[in-house]
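Work through the exercises below with the sequence and the structure at hand. Try each task before reading its solution.

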Amino acid sequence: MPNAPSIEAAKIRGAELSDYEQVAALYHRLDCRHGRLAPSFFPEDAGKRELEAYRQTVAEKNGVVLVADLEGILVGVVTVSVYDTPANPLMVPRKRGYVDELVVASTHDGQGIGKLLMEAAATWC
C-alpha cells in the first residue's frame, strides 16, 4: 500500500462548484458536532447542505471558501466573510475578516490542516 501524501503536499485553494460533494461531507461533520454540543440550538443531524446554498456561498463576493486539497481529496474547509467595521468612534474603519466555519476531516485532525487554512484565510483578508 502506498504511503499517504504528506501535509506539505496540501494545496490551499478557492472552493469550486465541483467540490460540492466533498465540501458537503466536511460541513456535515461540523454540523453534527454542533448538534451534539448544542442540541437546543442545532439539530443533531441536520442532513446534507443543499447545493444551491453551497453555490451561493462559493459565489459570495464578500467572502471566500478555501479548501485544503491533498492530491484530489479535500481534507479541510474554511469559510471567511469580510465586512466593514461598524460606525464606531472606538474602532478604526477598515474591512475585517470573520471565520464563519472551519472543519478538518477526522482523518487529518491534529496534523496542521486547520492552521494552514487559517493562515490562508488571514492572507486572503
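**Exercise 1.** Which residues does I113 touch, not counting residues up to four places away in sequence?

Solution. The model is a predicted one. Start at I113 and leave out its neighbours up to four places away in sequence. The contacts that remain are I7, A10, A68, V75, G76, V104 and H108. As background, nonpolar side chains in soluble globular proteins tend to be buried together.

**Exercise 2.** Decide whether I12 is buried, partly exposed or exposed, and find its contacts.

Solution. First locate I12: it belongs to strand β1, residues 11–14. Its relative accessibility is 27%. Buried requires under 20% and exposed requires over 50%, so I12 counts as partly exposed. Beyond four places in sequence, I12 touches L66, V67, A68, L116, L117 and A120. Take A68 from that list: I12 and A68 are 56 residues apart in sequence, yet their C-alpha atoms are 4.6 Å apart in space.

**Exercise 3.** Describe the largest pocket by its volume and its lining.

Solution. The volume of the largest pocket is about 160 Å³. Its lining consists of 17 residues, with Y27, A53, T57, T79 and E101 nearest the centre. Sorted by class, the lining has 7 nonpolar, 5 polar and 5 charged residues. Finally, assign the lining to elements: α1 (20–37), α2 (51–59), β2 (63–70), β3 (73–84) and β4 (95–104) each supply at least two residues.

Key:
Residues numbered from 1 in each chain as written. Predicted model: local features only at pLDDT ≥ 70, side-chain atom pairs only at ≥ 80, totals over all residues. Heavy atoms only, no water. Helix = DSSP H or I, 4+ residues; strand = E, 2+ residues; numbered from the N terminus. Buried < 20%, exposed > 50% of the residue type's maximum accessible area, 1.4 Å probe, protein only. Contact = heavy atoms within 4.5 Å. 1 Å grid on protein atoms, 1.4 Å probe; cavity = no way out; pocket = protein on both sides within 12 Å on 5 of 7 lines; lining within 4 Å. Points joined across faces, edges and corners; volume = space filled by probe spheres on them. Nonpolar A, V, L, I, M, F, W, Y, C, P; charged D, E, K, R; others polar.
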